Amino acid sequence: MHPRAGAPLSRRRFLALSGAGAAVGAASLGGCALQVSTGVSGAGETVTLMVKDGDVTTDQVTQAYKDIGIKIHLVRYDLTKLIAMMTTGAPPDLVRGVGAVDAPYFVARDVVENLDPYFAASGVLKADDLDPVNDLWRYDGHTQGNGPRYGMAKDFSQDSMYWYNTAHFDTAGVAYPPETQPVTYEQWLEDARRLTQRKNGQTTVFGGSYNGLNAPGLLAGLTAAAGGSLFSDDFARVDFTTPEARKALAWYIDYCRAKVGPSLIQPDPNGWDGPTYQAGRMAMTGSGYWLGGMIDTDKKLARVSRLAPAPVFAGGPRLSPCQGGTGLWMPKKAPNKDAAWRVFEWFFGEAPAKARASSGWGIPSLKSLRHLMPAQESYQKRALRVQEAELKHFSVTAFTPYASADALAALFNQAAPAAMSGGISVDSLAGRLNSSMNEQLKRGKEQVG
């Protein structure tokens, strides 16, 4: 399933599998190897982090030097640059990643350091304190959720949960969803139809938004909620024609055809749910607990907002996955692993982790920090009560190691609009997705070996 330990990282192998496709493969390696840490452990060291804007702030860079005596050098995350740095033997010390979809992809390419020995020796990050969401960062060479730990989530949400605005429910005469018992996906869509407001042919209020973090992750989770798996047992193929995967695909296409929320054929002008929900133009948003960090900044909105459990399919299991689990991983050839681990401990278990926990932007990935989650206001207590009840329904929805989520999403985005607009049937779409995605997965499996 994965290359031999110590096998050299082939530029051809890595680039052929990247979500950026031919554009990445054609990129030049010249000039991309950036300055990295010196290899000297301890205070005074410089550790290079490749992250996206906002993952690590400049204030945190300053705080890290004050707290642990290590300088942090930030490099903007870019897959082309990451590959170039790795293939020239000068990788960053820590790299951001989305555990739900990135962990098996990078581990299968033998470029990620096994962090089990570091966790075992840590006085800050203890295995029994790790929330189960961190199992997204485990991979045993076959199944995500098992085996060694290769990274950690900085915080998380159960992304199939949704927020709703009670004012819109009151206007439409729609009953509020129960706090701890899920509605069905069928009911959610029917409510979204009733909550949608239109004027002169234009949508003025979206009844509900349910797009997930990316299409492959969303559809994998919906298929699991229908009682099946989007991927074959060896994760080398998808099959959208199984009863469970077809149910998931059909529901999502029905959602898009109903035009009750944003989609590829009805994009949100704001680009994401947050501003639209905040402006009172969205009745339900399929965003997990983390959106409360934004909602709470507007007390008027917060008082009419509620968090609801992830829906279920009639007759299906109750599941509440995390489609993200964004955090950090350490390249196997990182030049300064000891200092990088000290930054890792600080970022995930010390001052930054405590600040994130108290902000409301996500659930802390250490159980010992849950007591810091906001609960001063009645609406915060209500959301926290719903979220705490939902935690027991979390499970890992395993993702394939043979293609990036971005690559599969690009194939979905090419094929799906025709079905969303009614031009082709769901069955035709299922066949097209099977053909294009399985070709991508076949190439990935051949490259990984």
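**Figure 1. Overview of the predicted model.** Of the 449 residues in the protein, 56% are buried. The model is predicted. Its secondary structure consists of 18 helices and 14 strands. The radius of gyration is 22 Å, close to the 22 Å that the globule rule gives for 449 residues, so the protein is as compact as a globular protein of that length. The C-alpha trace spans about 65 × 50 × 35 Å along its principal axes. Among contacts between residues at least 6 apart in sequence, 76% join residues at least 24 apart.

**Figure 2. Surface and charges of the protein.** The accessible surface comes to about 17800 Å². Carbon and sulfur atoms account for 50% of this surface. The protein has 46 positive and 42 negative charges.

**Figure 3. The largest nonpolar core, with 106 residues.** In soluble globular proteins, nonpolar side chains tend to be buried together. In this core, the residues that touch the most other members are W188, L249, W251, Y252 and F412. Helix α10, which covers residues 243-258, gives the most to this core, with nine residues.

**Figure 4. Close-up of F412 in the largest nonpolar core.**

Figure 5. A separate core contains 31 residues. Among them are V61, I70, W341 and F347.

**Figure 6. P177 in the loop between α7 and α8.** Helix α7 covers residues 166-172, and helix α8 covers residues 185-195. P177 has a relative accessibility of 8% and therefore counts as buried, the cut-off being under 20%. Leaving aside its neighbours within four places in sequence, P177 is in contact with Y162, Y164, F169, V183 and A308. P177 and G423 are 246 residues apart in sequence, and their C-alpha atoms are 34 Å apart in space.

**Figure 7. W163 in strand β8.** This strand covers residues 162-165. W163 has a relative accessible area of 4%, so it is buried. W163 and G286 are 123 residues apart in sequence. From C-alpha to C-alpha, W163 and G286 are 6.6 Å apart in space.

**Figure 8. K332 in the loop between β13 and α14.** Strand β13 covers residues 326-329, and helix α14 covers residues 337-349. K332 is partly exposed, with a relative accessible area of 29%. Not counting residues up to four places away in sequence, K332 touches D110, V111, V112, E113 and K337. K332 and L94 are 238 residues apart along the chain, and their C-alpha atoms are separated by 10.0 Å.

**Figure 9. D110 in the loop between α5 and α6.** Helix α5 covers residues 99-107, and helix α6 covers residues 116-121. With a relative accessibility of 14%, D110 counts as buried. D110 is one of the residues that K332 touches. D110 and K332 are 222 residues apart along the chain, with a C-alpha separation of 7.7 Å. Most residues other than glycine have a negative phi. Phi of D110 is positive, near 60°.

**Figure 10. K259 in the loop between α10 and α11.** Helix α11 covers residues 273-278. K259 is not a glycine, although it has a positive phi of about 55°. K259 has a relative accessibility of 37% and counts as partly exposed.

Terms used: Residues are numbered from 1 along each chain as its sequence is written. This is a predicted model: local features need pLDDT of at least 70, side-chain atom pairs count only at pLDDT 80 or more; totals for chains, interfaces and linings use all residues. Side-chain values use heavy atoms; hydrogens and water are left out. Helices (H or I, at least four residues) and strands (E, at least two) are DSSP runs, numbered from the N terminus. The radius of gyration is taken over C-alpha atoms; the globule rule is 2.2 Å times the number of residues to the power 0.38. Buried means under 20% relative accessible area, exposed over 50%, partly exposed in between (1.4 Å probe, protein chains only). Contact means heavy atoms within 4.5 Å. Accessible areas come from the Shrake-Rupley method with a 1.4 Å probe; for residues, only the protein chains shown count as cover. Lys and Arg count as positive and Asp and Glu as negative; His and the chain ends are not counted. The place of a charge is taken as NZ of Lys, CZ of Arg, CG of Asp or CD of Glu. A nonpolar core is a set of buried Ala, Val, Leu, Ile, Met, Phe, Trp, Tyr and Cys residues joined through side-chain atoms within 4.5 Å.
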